[in-house]
Amino acid sequence: MALHFVIGRSGSGKSAHLLNEIRQRLETQPEGPPMILLVPEQGTFQAEHALVTSERLSGMLRTQVLSFRRLAYRVMQETGGTALTPIGEEGKKMLLYKILQRRKSDLPCSPVRRSNSASSKN
């Protein structure tokens with residue numbers, strides 16, 4: 001699997017270059033390996049629309065236009081990460097408490113002495 005970065009200033013033709021290259025590959029190898037076009041969240045519809053409305057293409061099954069968030073979601077789906085239940089705030093506190101209790105002998109802190117307000121008044 002190859003990874004290609006196309007970097008340049010705004011308006012320099014990056015999108016047009018990528019779309020033309022994808023169109024060319026789809027025409028020459030319609031059943032080749034899958035391709036992913038990674039675009040910013042706001043650019044997914046525009047990139048998909050540009051590919052779908054291409055006159056020379058009859059389909060684009062092997063090409064997917066994904067945003068960074070959608071790519072992360074897809075990776076999590078394929079690796080089983082979406083099956084994990086996220087830990088809430090209380091769960092995090094309980095987990096930290098358990099870790100601190102297990103490792104308290106390794107911590108360089110000395111215990112804080114609290115004065116009892118009732119006994120200090122006498």
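Tutor: A nonpolar core is a set of buried Ala, Val, Leu, Ile, Met, Phe, Trp, Tyr and Cys residues joined through side-chain atoms within 4.5 Å. This is a predicted model, in which local features need pLDDT of at least 70 and side-chain atom pairs count only at pLDDT 80 or more, while totals for chains, interfaces and linings use all residues. Residues are numbered from 1 along each chain as its sequence is written, and side-chain values use heavy atoms, with hydrogens and water left out.

Student: Which residues make up the largest nonpolar core?
Tutor: Eleven residues form it: Leu19, Ile22, Leu26, Met35, Leu37, Val39, Ala47, Leu51, Leu57, Met60 and Val65. At least two each come from helix 1 (14–28), strand 1 (35–38) and helix 2 (44–52); helices (H or I, at least four residues) and strands (E, at least two) are DSSP runs, numbered from the N terminus.

Student: Why is arginine 62 called buried?
Tutor: Buried means under 20% relative accessible area, exposed over 50%, and partly exposed in between (1.4 Å probe, protein chains only). Arginine 62 has a relative accessible area of 9%, so it is buried.

Student: What makes the approach of arginine 62 to glutamine 29 a polar contact?
Tutor: A polar contact is a pair of N or O atoms within 3.5 Å; within protein, one must be able to donate a hydrogen and the other to accept it, and residues adjacent in sequence count only if both atoms are side-chain atoms. A polar atom of the arginine 62 side chain lies 2.2 Å from the backbone oxygen of glutamine 29. The arginine 62 side chain also reaches the backbone oxygen of arginine 25, at 3.4 Å.
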